[in-house]
Each structure stands twice: as C-alpha cells, then as structure tokens.
Amino acid sequence: MQSSFLNLALLRQSCRKYIDSKVEQEKLDVILEAARLSPSASNSQPWTIVVVNDEAKCKMVAESTISGGIPINKFALQAPMFLVIVVEKARPITRLAGWIKGKDFEWTDMGIIAEHICLQAAELDLGSCMIGWFDEKRVKQVLNVPSNKRVGLVIALGYPPDDYHIRKKIRKSTDELVRYNTYSSIK
Ligand SMILES: Cc1cc2nc3c(=O)[nH]c(=O)nc-3n(C[C@H](O)[C@H](O)[C@H](O)COP(=O)(O)O)c2cc1C
C-alpha cells in the first residue's frame, strides 16, 4: 500500500555533509511549527528550542559535538545551523506519574519533538542529523542555558550536496521487531 508518510520516513536520514547554503527563514518557520505541534505526556510540552544560526555560535556548538577524544561529528562544522532542544520540567502531575511509573516522560517527549523536526526538514529537502554526543556544559555556556537544565539533543540542519544519496536503511526485520499478542512464547 502506498503511504506518503513512509516515503518521507525513507527520505529522512542522518545527513553528515552540508553545502555552504543557509536555511531559508520560511522553511525554518515550517520546521518550528511542526515541532510546536508535537505531542507530549499530559501535553506538558517540556522543551525549549534554541535556534543557533549565528556563525560564531554555530562553530562553538559544532566544536562541542567533536569533544571527548572520539572522532565523530566532524561534519557538524559544515552545518549552517542547529536546533538545540532544552529539556524543561514537565507539569507536576506528569512528573508525579513518571515517578510512580518509573518513566522519564520528559525525555520521551524530547525524542518525539526531535523526530518531528527531522521529518519536516526532510519534507522540505533539508538534511538533518540528531546529535547526542556533545559537551553539554559547553553548549549550555555558549547558549546561556541555566546549568540546572538539560540539553537533550543538538540537531544539525542544512542542505546536503546534490549527490548525497539516500542510503539503504539498516533496520531490524519486521519479524525481529514485531511480536503479535505475546512478547515471549515461554509461559
Ligand atoms: C538520540 C540520538 C543520538 C544520535 N547521536 C548522533 C551523533 O552524535 N552523531 C551522529 O553522527 N549521529 C547521531 N545519531 C544518528 C544515528 O546514528 C542514526 O539515526 C542511525 O544510525 C540511523 O541512521 P539514519 O538516521 O540515517 O536513518 C543519533 C541519533 C539519535 C536518535
């Protein structure tokens, strides 16, 4: 069966090469609107997005993702902008529910908004990459985020080169992923 959502999910991939071209404000506004519409536990919306498009700050954020002696994320230096997701406190009722159930709803919500951003970016022919490996202290310093808050993800955003092909998706097979009606056949 044809699905335009599945086509979009196939189109979105982690983009690790960017050309020297800015993201238009019009497109950014659409991405931010898609982010704004994200669902969250009890509709707490426990997030703030810091748009980083100042050249000097972009460089500092990019450098913060290359930290720690692990040679990843060098591509971030090419990205013309970043969306940085700050995790805010959920509503007291949501936090209580999370505490009772041993679930961290704020971080679940953070993942959802991140994917809204990346899928919307893909639909607008933009590349994106969620970056979880970064020096959080440094990012907070650069963006004036209070030290008691957490930065969930840094998302690189920009245009990929024309010859940047869609890679094959390496994923679990449906058989590995899905079980109907029971997790385990052992009773
Ligand atoms: C929470 C999270 C953190 C990630 N951190 C990084 C990262 O620091 N550097 C990077 O290059 N990719 C990072 N990725 C991208 C994943 O490696 C990528 O999504 C995965 O390999 C699947 O590939 P695809 O996004 O191209 O479909 C991250 C993805 C997620 C969801």
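Modeller: A helix is a DSSP run of type H or I with at least four residues, and a strand is a run of type E with at least two; both are numbered from the N terminus. The model is predicted, so to speak of local features requires pLDDT of at least 70 and side-chain atom pairs count only at pLDDT 80 or more, whereas totals for chains, interfaces and linings use all residues. Residues are numbered from 1 along each chain as its sequence is written, and side-chain values use heavy atoms, with hydrogens and water left out.

Colleague: How many helices and strands does the chain contain?

Modeller: The chain has 7 helices and 4 strands. Read from the N terminus, their order is α-α-β-α-β-α-α-β-α-β-α. Along the principal axes, the C-alpha atoms fill a box of roughly 55 × 45 × 35 Å.

Colleague: What share of the contacts with a separation of 6 or more joins residues 24 or more positions apart?

Modeller: A contact means heavy atoms within 4.5 Å. In this chain, residues 24 or more positions apart account for 80% of the contacts with a separation of 6 or more.

Colleague: What percentage of the residues is buried?

Modeller: Buried means under 20% relative accessible area, exposed means over 50%, and partly exposed lies in between, with a 1.4 Å probe and protein chains only. Of the 187 residues in the chain, 39% are buried. Areas come from the Shrake-Rupley method with the 1.4 Å probe, and for residues only the protein chains shown count as cover. The chain exposes about 11,900 Å², of which carbon and sulfur atoms supply 55%.

Colleague: Which residues lie closest to the ligand?

Modeller: A residue is near a molecule if one of its heavy atoms lies within 4 Å of it. Here 14 residues surround the ligand, and the closest are Ser14, Arg16, Asn73, Gly132 and Arg171. Strand E3 (residues 127-131) gives the most to this shell, with 3 residues. For classes, Ala, Val, Leu, Ile, Met, Phe, Trp, Tyr, Cys and Pro count as nonpolar, Asp, Glu, Lys and Arg as charged, and the others, Gly among them, as polar. The shell then has 6 nonpolar, 4 polar and 4 charged residues.

Colleague: What is the phi of Ser42, and what is that of Gln45?

Modeller: Most residues other than glycine have a negative phi. Ser42 has a positive phi of about 55°, and Gln45 has a positive phi of about 50°. Ser42 is in the loop between helix H2 (25-36) and strand E1 (47-52), and Gln45 also lies in the loop between H2 and E1. Ser42 is partly exposed at 38%, as is Gln45 at 37%.

Colleague: Is Ser128 buried or exposed, and which residues does Ser128 contact?

Modeller: Ser128, in strand E3, is buried at 2%. Leaving aside neighbours within four places in sequence, its contacts include Ser14, Cys15, Tyr18 and Cys118.

Colleague: Where does Leu126 lie?

Modeller: Leu126 is in the loop between helix H5 (105-123) and E3, and is buried at 6%. Beyond neighbours within four places in sequence, Leu126 contacts residues including Val23, Ile31 and Tyr159. Leu126 and Arg138 are 12 residues apart in sequence and 27 Å apart, C-alpha to C-alpha.
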